[in-house]
Amino acid sequence: MSEVLRLAAWYGDHMVLQQRVRSRIYGKTLAGAEVRLTLERFPQDRRKKADDDQRYGLIFQEHDFAETDGFFEFKLPFIEASFDSFRLTIESCGDKRVFKDLLFGELWFTAGGSNMSMPSRYSDCSRDKLAPEEHNFIRYFAFPESGLATGENLYRYEATSDIPEGRWYLGNSQKRAEVSAIACSFSRRLFKELNCPIAIIDAAADDSMIHAWLPRQITEKDAVLNNHLKEIKHYRDAQSWNALPEGERREERSIRRPIVQKDLAAEPREFLRRNQAGALFNHKIAPFTGMAIRGILWAQGEQDVQYPSHYQRAFRRLANVFKSVFQAPITGLSLIYSQLPPFLASAADQHRLADFNEVLAVVRRRLSIPAALVTVYDLPPDYAGARGKFERPETPIAKRAVGERMAAVALGLAYKHDLPNSAPEVASAEAVGSKLILSFENIGRGLSLKDGESEVKGFAVAGADAVLIPAEAKDLYGVRVLLWHDEIAEPLACSYAYQNFNHAANLCSLEGMPVVPFRLARELEDRSKVWAWTYCDALSEFKYLSDDPRIERLPDLARPAEQPLWKVYSGRGEFALEKDNKRHGKASIFLAYRRADERPVSFGPILDYASDYPPLDLSLWRRLTVSVFSADHRAKYLALRLKDTNGREYLFPKETLSDALSWQEISFDLSQATVDRMRLSELQFVIQDPGESGGLTLDRVSFSDLNLSEYEED
């Protein structure tokens, strides 16, 4: 018998339906034909139904007649989440479909780009073991990441209802290793918090751009979005749909062009068919039209990082699309998304990524549905262990924390409204004398510092000169932050963690969610960069050695990775971290040296990493001070050598370290140096010890005595 019934492609055995919603069950049959629907309930322990137990057995039955085009629709009753299983039967014209082992619980739709699509097996979730109770009650709907059937590579010009190779999987299925790592982490945390079935629709697509998720009708009518597509050569109409830019590539190979130094990290990404406007909407969102869900998890934008204003406009349109496509509970649809993790978004602009993440923070309050942002800049940037297209810094393997943070704000956004419903962020700033007092929202139980640190890092402040410089900050009882700089009498603006690489910023909630980076004023000269080596509390950090982001072209030794912060340039010496004897922060650096009398030991920070945006610029400051401790009971000598990119060097007169068991501060007047302090390639300390061998502890390199004269005229 031929099939008469045609149902939504996401219906299947083991599916989960959203609780507390009158879920739509729809499809097509013959015009005017009768359609019958029955819903049965079975106890989770498979016990037999007692005669007087009305909860089990047939709990809903209805019949209707299809419309003239064959379309029919039923609405199920409101059903609370439970661990009981259900059976759904739909019949028409002798055709019968039975869907077994259904659950009612919480259903979330995940979409976006590579960070959301990264499978569990490549992430830090790869070895997570499900508890026995999670095996059956956490479920996933998965289908090809491209949205196409195996072997296909062409996208449809119009929306489709097909979901090739899509099916429901139990939590302990082998397929789980291929499911989004963020989705897996999110579902496990939410299951523990809500104690009800959790289901994820895994629809993310790596290397996707936001316009691919929008219906083509939107990008055609919106002149701004349409012009953007044409500028980046991603526009396709009905005649050019699915066409690859082969002609453009042949032309580039055949014509000799002058060599121009490019910001390789900021170049537009290669065109992919999936990034035609509407391609992913057609294949990955449209087929789920009418599905009842609690909300959407979104992580995307690494392909759009150069276009923040375009992304903001498109993201607002996308929120409207989600609202129109999905059926929402009475409380409304929720949208939870993450900022981009740190990566070399530009080798020329140290704020390119910060600008994009700022847009993600600002747009949250402008969306048509309640939304939450989670911060991720504190997580390890390591991508080792990923494979293929995921083996790149844009997609770090740290995904467990991202999913757990999304679940944490989901609780406040959709379930328990007394909890934070987004990442902590600044709410107001009040000037009190020469200081600013910042207030925050979404701080939960209060503010704290990560990793047991004792000093707040990451803030900058600006005075009348409109120049942002690193600031001192103090946590006020976990509720507010006091901010100041000794050389600014009247602070007028401030910022926090507003850099592409801001891992050192350490303010977070007691629950571990980092504060959203911000700037309270734009168009300021930003000289707030603080280099990790100045804190003297770490020996290494994740760095980019090259400004070429295409790591597949780089030899292994040149790929972004954990790299040393300090180096012995001449003489014999070795570094070690000292956590007991420190003056600031969480540690200090101990240098053990030998034969430092006849041949002084020269050591200092490494300044040529691409992610530090060299050369080093110290033109803002007139004085450098380093805190040192010597336990050798003898006088020593410390000097400073500067070298600029033109090869000019200046060696400061050596300063005496006294024979004292106490911390000492050694200062150098930078204005004396006859080098270009805007373009320094080396900064070296030189230790000379009459005793030849010994040790020296460093804790904090600081700069003072502002040189703002060049900005005063402006």
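Rings of Phe, Tyr and Trp (its six-membered ring) pair if their centres lie within 6.5 Å; planes over 60 degrees apart count as edge-to-face. Keep that handy for the first exercise, and remember that this is a predicted model.

**Exercise 1. Aromatic pairs**

Find out how many aromatic pairs the structure has, then work out what kind of pair Tyr 157 and Trp 241 make.

Solution. 
- Step 1: By the rule above, the count comes to 41 aromatic pairs.
- Step 2: Take the rings of Tyr 157 and Trp 241, whose centres are 5.1 Å apart, with 80° between the planes. The centres lie within 6.5 Å and the angle is over 60 degrees, so this is an edge-to-face pair.
- Step 3: Now place the two residues. Tyr 157 is in the loop between strand 9 (138-142) and strand 10 (167-170), while Trp 241 is in the loop between helix 5 (223-231) and helix 6 (246-254). The pair links distant parts of the chain, 84 residues apart.
- Step 4: Check the surroundings. Tyr 157 has a relative accessible area of 23%, which makes it partly exposed, whereas Trp 241 is buried at 11%.

**Exercise 2. Charges over rings**

Solution. 
- Step 1: Back to Tyr 157: the charged end of Arg 216 sits over its ring, 3.5 Å from the centre.
- Step 2: For Tyr 637, look at Lys 654, whose charged end sits over the ring, 4.7 Å from the centre.

**Exercise 3. Salt bridges**

Solution. 
- Step 1: Start with the idea. Side chains of opposite charge can pair when their charged atoms come close. The structure holds 51 salt bridges.
- Step 2: Arg 156 and Asp 162 form one of them, with the closest N and O atoms 3.0 Å apart.
- Step 3: Glu 511 and Arg 445 form another, at 3.1 Å from N to O. Glu 511 lies in the loop between strand 23 (507-509) and strand 24 (518-519), and Arg 445 in the loop between strand 16 (435-441) and strand 17 (447-449), so to speak a link between distant parts of the chain, 66 residues apart. Glu 511 is partly exposed at 45%, but Arg 445 is exposed at 59%.
- Step 4: Asp 632 and Lys 636 meet in a salt bridge too, at 2.2 Å from N to O. Asp 632 is partly exposed at 24%, while Lys 636 is buried, with a relative accessible area of 0%.
- Step 5: Salt bridges can share partners as well: Glu 145, Asp 206, Arg 274 and Lys 389 are joined into one network that way.

Note on methods. Residues numbered from 1 in each chain as written. Predicted model: local features only at pLDDT ≥ 70, side-chain atom pairs only at ≥ 80, totals over all residues. Heavy atoms only, no water. Salt bridge = Lys/Arg side-chain N within 4 Å of Asp/Glu carboxyl O. Helix = DSSP H or I, 4+ residues; strand = E, 2+ residues; numbered from the N terminus. Buried < 20%, exposed > 50% of the residue type's maximum accessible area, 1.4 Å probe, protein only. Phe/Tyr/Trp six-rings, centres within 6.5 Å; stacked < 30°, edge-to-face > 60°. Lys NZ or Arg CZ within 6 Å of the ring centre and 35° of its normal.
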